[in-house]
Amino acid sequence: MKTFLFAAFFLGLGACAQQAPAPLQGEALVTRGDYLVNGIGGCNDCHTPMTPQGPDMSHALQGATLIVAPTIEIPWAPVAPAIAGGPAGYTNEQFVAFLQTGARPNGSHPRPPMPAFRFNEEDARAVAAYIETLPRETP
Ligand code: HEC
């Protein structure tokens, strides 16, 4: 019985010690953003010039004309703007909010095929942090 109580006590302590992991910061946040942008988000499929071999990563997220278009008339943006360094006119906070809601700072929404992303706050921060590290080419 004594042993059982001891074990129960320590198991209880263990459960209390389990806390949410600390929020990612700095380099770790940027590394997660790199993974989300280049491995999951597909941002390069539209925002990076396309070649027969895939997105031209020497101009990553510098903006591109899309290689696909709808065959019927629907709202559609044929060009994806440059977002390397952060989208023009957005603060970091506004970019993070955009990635969580799909709404621009003025409340309007970009046209299709830009997806309305619903990243959680940490992932939105990671995507913004990573994209803001990318140098913007002068047009
Ligand atoms: C399927 C194509 C596609 C994908 C994938 C895509 N975008 Fe876009 N994005 C667009 C297009 C097209 C526009 C321009 C929309 C317009 O002009 O109305 C746009 C616009 C934007 C804008 C500008 C919004 C504004 O204020 O006009 C931001 C920021 C953006 N995209 C970020 C991203 C990020 C970050 C990712 C990846 C996580 C991503 N996009 C993935 C096509 C895409």
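At what angle do the axes of helix 2 and helix 5 cross? In this predicted model, the crossing is at roughly 90°. The two axes come within 7 Å. Angles of 65 to 115 degrees count as roughly perpendicular, and helix 2 and helix 5 are therefore roughly perpendicular to each other. Helix 5 covers residues 121-133, and helix 2 covers residues 26-41.

The contact draws on residues of both helices. Helix 2 contributes Leu 29, Val 30, Arg 32, Gly 33, Asp 34, Leu 36, Val 37 and Gly 41. Helix 5 answers with Asp 123, Arg 125, Ala 126, Val 127, Ala 129, Tyr 130, Ile 131 and Thr 133. By class, the residues of this contact comprise nine nonpolar, three polar and four charged.

Helix 5 also packs against helix 4, residues 92-101. Here the axes come within 8 Å. They cross at roughly 130°. The crossing of helix 4 past helix 5 is right-handed. On the helix 4 side, the contact involves Asn 92, Phe 95, Val 96, Leu 99 and Gln 100. On the helix 5 side, the partners are Glu 121, Ala 124, Arg 125, Val 127, Ala 128 and Glu 132. This contact holds six nonpolar, two polar and three charged residues. Arg 125 and Val 127 of helix 5 meet helix 2, and Arg 125 and Val 127 also meet helix 4.

The ligand is surrounded by 21 residues. The closest are Gly 41, Cys 43, Cys 46, Ala 77 and Met 114. Helix 2 and helix 3 (43-47) each supply at least two residues of this shell. Helix 3 gives the most, with four residues. The shell contains 15 nonpolar residues, three polar and three charged.

The overall fold comprises five helices and four strands. From the N terminus, the order of elements is α-α-α-β-β-β-β-α-α. The protein has 139 residues, and 22% of them are buried. Among contacts with a separation of 6 or more, 50% join residues 24 or more positions apart.

Key: Residues are numbered from 1 along each chain as its sequence is written. This is a predicted model: local features need pLDDT of at least 70, side-chain atom pairs count only at pLDDT 80 or more; totals for chains, interfaces and linings use all residues. A residue is near a molecule or strand if its C-beta atom, placed from the backbone, lies within 6 Å of it. Ala, Val, Leu, Ile, Met, Phe, Trp, Tyr, Cys and Pro count as nonpolar, Asp, Glu, Lys and Arg as charged, and the others, Gly among them, as polar. Axes are lines fitted to C-alpha atoms, for helices over the stretch in contact, and angles run from 0 to 180 degrees between N-to-C directions. Angles under 35 degrees count as roughly parallel, over 145 as roughly antiparallel, 65 to 115 as roughly perpendicular and the rest as oblique. Two residues are in contact if their C-beta atoms, placed from the backbone, lie within 7 Å. A crossing is left-handed if the near helix is turned anticlockwise from the far one by less than a right angle, and right-handed if clockwise. A residue is buried if 20 or more other C-beta atoms lie within 10 Å of its own, exposed if 12 or fewer, and partly exposed in between; C-beta atoms are placed from the backbone.
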